[in-house]
Amino acid sequence: MVDELNVLRDQIDDVDQQLVELFARRLKLVAGVGEVKSRHGVPIYAPDREAAMLARRRAEAEARGVPPDLIEDVLRRLMRESYASEKDTGFKCINPALSKAVVVGGAGLLGGLFAHQLKLSGYRVEILEKDDWQQAESLLAGAGLVVLAVPIDQTVAVIGRLPKLPDDCLLVDLTSVKSEPLAAMMATHAGPVLGLHPMFGPDVSSLAKQVIIYCAGRGAEQYEWLLAQMRIWGARLQPVSAEEHDEAMSLVQALRHFTSFAYGAHLCAEQADITQLLRLSSPIYRLELAMVGRLFAQDPALYADIILSSPKNIEMIRRYHRRFGELLSQLENDKRDAFVEQFRTVSDYFGDHAEIFLKESRMLLAQANDSRHYGDEPAG
């Protein structure tokens, strides 16, 4: 048996080596694609091309008796690496006439990311930090773009401290709340204004497929170039009003972060053995625990600022708390039928999205389980 296994394993090793060579060849070809895209200003992410390619490969896999999902998983992972390598070739500059861009808070993680993307696109970029305000007037003089990437609780104050900008300068903020900063920028600056909210962390390897929400301020024709530039970076732009944005973020960010914080705080208060929980967890609980745990590996001040950025966030959390109590009361009173009925009501609310989420979560859980290594968990 050992000899038979060794023969088969040697053959598998040979195939794996061929796969590595093929992956290297593919990445080299992708580098060529990135260079062509850079010269011609073609966006990194081409959703139609990606969807058509995946459909063809799935059909070919099925014809060869290979699970289509397997091929799609491998190709998607390859494409993620490809997007990251494509950006290394730089991007076409959409607005070469721009004098310079100044990123206020550009030494921070998110500000640094945008400064880097602008530099990759051929723009002259300068950084203005909190210790540089004695030079603010000279640094901002002649700027064609000013990007504010400062903490939420300081954004409006920083806007108020800005010296007079050139009339044609585009003023942009990256804050995760939009109504108040957008109004402050409109009041302070007479030129074009745009509100942006990148829906990702600064540690992303590429902006391909990443969502950036934008809220119109003033001078759409004067900020269209920046939207076009971000599309070339691969970002998916989502327009929405500042009011609608802030309402949605009460759920997407404030409530979500608070419930993760509350669950983590409860585990801490209960002194739960995390190592034991990991050993006994299903893939879905491990993934949920990871999403809670990652919160506590980051800056607490950032999350405090997000949650406290609007009184509406606190109102939303309070309504959630009330509903939580109402549902708990049903369980305390052994109202099983009421629970089942409520479950069905919520299921109807989710509608077709529930099946879509079920399919997506299966893929995520499979990937999470594949990456699990039982020797890499910290000792208790």
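Reader: What span should the 13 residues of helix α8 have at 1.5 Å a residue, and how far apart are its end C-alpha atoms?

Author: The model is a predicted one. Helix α8 covers residues 220–232. The expected span is 1.5 Å times one less than the number of residues. For the 13 residues of α8 this gives 18 Å, which agrees with the distance between the end C-alpha atoms, 18 Å.

Reader: Which residues of α8 are buried?

Author: A residue counts as buried under 20% relative accessible area. By that cut-off, the buried residues of α8 are Tyr 223, Trp 225, Leu 226, Leu 227, Gln 229, Met 230 and Ile 232.

Reader: Against which elements do the buried residues of α8 pack?

Author: Contact here requires heavy atoms within 4.5 Å. The partners of these buried residues include one helix segment, α4 (109–120). They also include the strands β3 (145–148), β4 (170–173), β5 (193–198), β6 (211–218) and β7 (236–239).

Reader: Which residue just after α8 takes a positive phi, and of about what value?

Author: Helix α8 ends at residue 232. Just after the helix, the residue with a positive phi is Gly 234, at about 105°.

Reader: What percentage of the contacts in the protein between residues at least 6 apart in sequence join residues at least 24 apart?

Author: The protein has 15 helices and 7 strands, and buried residues make up 35% of its 380 residues. Among contacts between residues at least 6 apart in sequence, the share joining residues at least 24 apart is 69%.

Reader: How far apart are the mean positions of the positive and negative charges of the protein?

Author: The protein carries 42 positive and 53 negative charges. The distance between their mean positions is 3 Å.

Conventions. Residues are numbered from 1 along each chain as its sequence is written. This is a predicted model: local features need pLDDT of at least 70, side-chain atom pairs count only at pLDDT 80 or more; totals for chains, interfaces and linings use all residues. Side-chain values use heavy atoms; hydrogens and water are left out. Helices (H or I, at least four residues) and strands (E, at least two) are DSSP runs, numbered from the N terminus. Buried means under 20% relative accessible area, exposed over 50%, partly exposed in between (1.4 Å probe, protein chains only). Lys and Arg count as positive and Asp and Glu as negative; His and the chain ends are not counted. The place of a charge is taken as NZ of Lys, CZ of Arg, CG of Asp or CD of Glu.
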